[in-house]
Amino acid sequence: MSLDQRIIIVGGGLSGLALAYLLSKKSIKITILEASERLGGRIQTIKGAAGTPLELGATWFSDVHANLLALIGELGLKKYPQFSKGISLFQTKSFEPPQKFFVPEAETPSYRLVGGTQMLIDRLAQKLPDDAVLLNTKVKTVKETTNGVVLETSDGKTVETGKVVICIPPQLVAKQITCSPKLPEALDAVLPNVQTWMAGAVKFTLEYSAPFWRNEGYSGMLYSHAGIITEMYDHTNFEENKFGFTGFLGGGAASYTPEIRKEFVLRQLSELLGEQALRPTAYFDKVWSDEFILDGNQIIQRPHQYNGHLLLQQDYMNGKLFFAATETAAEFPGYMEGAVIAAQSIAARF
Ligand SMILES: Cc1cc2nc3c(=O)[nH]c(=O)nc-3n(C[C@H](O)[C@H](O)[C@H](O)COP(=O)(O)OP(=O)(O)OC[C@H]3O[C@@H](n4cnc5c(N)ncnc54)[C@H](O)[C@@H]3O)c2cc1C
């Protein structure tokens, strides 16, 4: 397959899609090669039995995320504040009752996207030409040629192009993509050590037919040192007619089966919020350590290690190879804002 002077974007997460959108606006032809069977990467909204948008991945943003907010506005999407009114709970020890506290209304609240964060992905994808995305297409080699680059996919197909922008976590580039000629040694040393933000996190989400906690004066916010749930928030939709929770499970939860995780989550919630917690209409969780986000363990000595490193912002292979995942961004690397910033800074170079 020859795609001549098109720009190939490797990875169909927020950075890849935002870049594709920005380049398309400049009338530059693009093709996205996405390894998995869906777009979105670390953004994944699913629906419960009642149709509640439930976030398995990225959920919140705030007023400081100016570039993301501008994109949300440009795409005609809407935000709403995270609900936090009422009694919040803090479990210090499993054998002591939880402490109750109230969170004052924040001057800059966390926001959620109306309809779910996936709306951002879906809306960006809708703006692209029909044939712009190839799913189930995992890139495994990038080879420089005289006029461009040749990419080889895991099913043995080759794609020729003028320029390629890699929008996947740098650690995956180090582990899964072979470059020829080899990348400079300094970059090679950095890539495997760039922390992939949220890799290894375990996120859970629950759907209920009624907001029984709100009716009892609870905010739905929980922080715990005692149970499997370490952090949880109300997950009611914008219209306030679909209800649930989302949050994070402790690190050890990754080694339990989904059934055991569900059992422990429901037990913890029923002890705190009553029997009704035992009857969700949906439970989902996700351990974010599959081949599309992480390859092997990362040794991390500080949060956001090497995120936004200068070497990630340079071009390679004589101006034919660029990087643009959120971890490459000069500001807010790791977050959705970073993905948009990374896309914008590469788009400005074409
Ligand atoms: C549990 C969780 C909670 C989060 N919460 C928040 C939050 O509340 N707020 C916030 O701002 N951010 C949050 N984030 C981070 C946010 O999701 C990311 O910053 C953002 O989505 C990253 O986008 P990206 O396109 O750079 O990377 P990704 O979303 O990782 O996209 C990379 C894409 O590349 C694909 N890919 C991988 N390897 C290959 C290959 N070899 N060939 C082709 N394709 C490949 C992957 O399948 C994936 O689709 C969270 C992330 C997680 C996991």
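A crossing of two helices is called left-handed if the near helix is turned anticlockwise from the far one by less than a right angle, and right-handed if clockwise. Helices (H or I, at least four residues) and strands (E, at least two) are DSSP runs, numbered from the N terminus. The structure described here is a predicted model, in which local features need pLDDT of at least 70, side-chain atom pairs count only at pLDDT 80 or more, and totals for chains, interfaces and linings use all residues. Residues are numbered from 1 along each chain as its sequence is written.

Helix α1 (residues 14–25) and helix α8 (residues 336–347) cross in the right-handed sense. Their axes come within 8 Å, at an angle of roughly 35°; axes are lines fitted to C-alpha atoms, for helices over the stretch in contact, and angles run from 0 to 180 degrees between N-to-C directions. On the α1 side the contact includes Leu14, Ala18 and Leu22, and on the α8 side it includes Met336, Val340 and Ile346. Two residues are in contact if their C-beta atoms, placed from the backbone, lie within 7 Å. Twelve of the residues in this contact are nonpolar, two are polar and none is charged. In this classification Ala, Val, Leu, Ile, Met, Phe, Trp, Tyr, Cys and Pro count as nonpolar, Asp, Glu, Lys and Arg as charged, and the others, Gly among them, as polar.

The protein chain is assigned domain 1 (1–43 + 117–197 + 291–350) and domain 2 (44–66 + 74–114 + 202–287), with bounds that come from an automatic or database domain assignment. The C-alpha centres of domain 1 and domain 2 are 32 Å apart. Contact between them involves twelve residues of domain 1 and eleven residues of domain 2. On the domain 1 side, α3 (118–126) and α8 each supply at least two residues, and α3 gives the most, with five. That side of domain 1 has six nonpolar, three polar and three charged residues.

The ligand is surrounded by 41 residues, of which Gly11, Gly13, Gly41, Arg42 and Ala58 are the closest. Helices α1, α4 (170–176) and α8 each supply at least two residues of the shell. By class, the shell has 24 nonpolar, 13 polar and four charged residues.

Lys163 lies in strand β13 (residues 163–166). Lys163 is buried, with 20 other C-beta atoms within 10 Å; a residue is buried if 20 or more other C-beta atoms lie within 10 Å of its own, exposed if 12 or fewer, and partly exposed in between, with C-beta atoms placed from the backbone. Not counting residues up to four places away in sequence, Lys163 touches Ile7 and Lys320.

Several loops hold backbone features. Ser180 and Pro181 are joined by a cis peptide bond, with omega about 0°, and Pro181 is placed in the loop between β14 (178–180) and α5 (185–190). Ser27, although not a glycine, has a positive phi of about 65°. Ser27 is in the loop between α1 and β2 (30–33) and counts as exposed because it has 6 C-beta neighbours inside 10 Å. Asn318, also a residue other than glycine, has a positive phi near 55°. Asn318 lies in the loop between β19 (282–287) and β20 (321–323) and counts as exposed, with 8 C-beta neighbours inside 10 Å.

Notes:
Near = placed C-beta within 6 Å.
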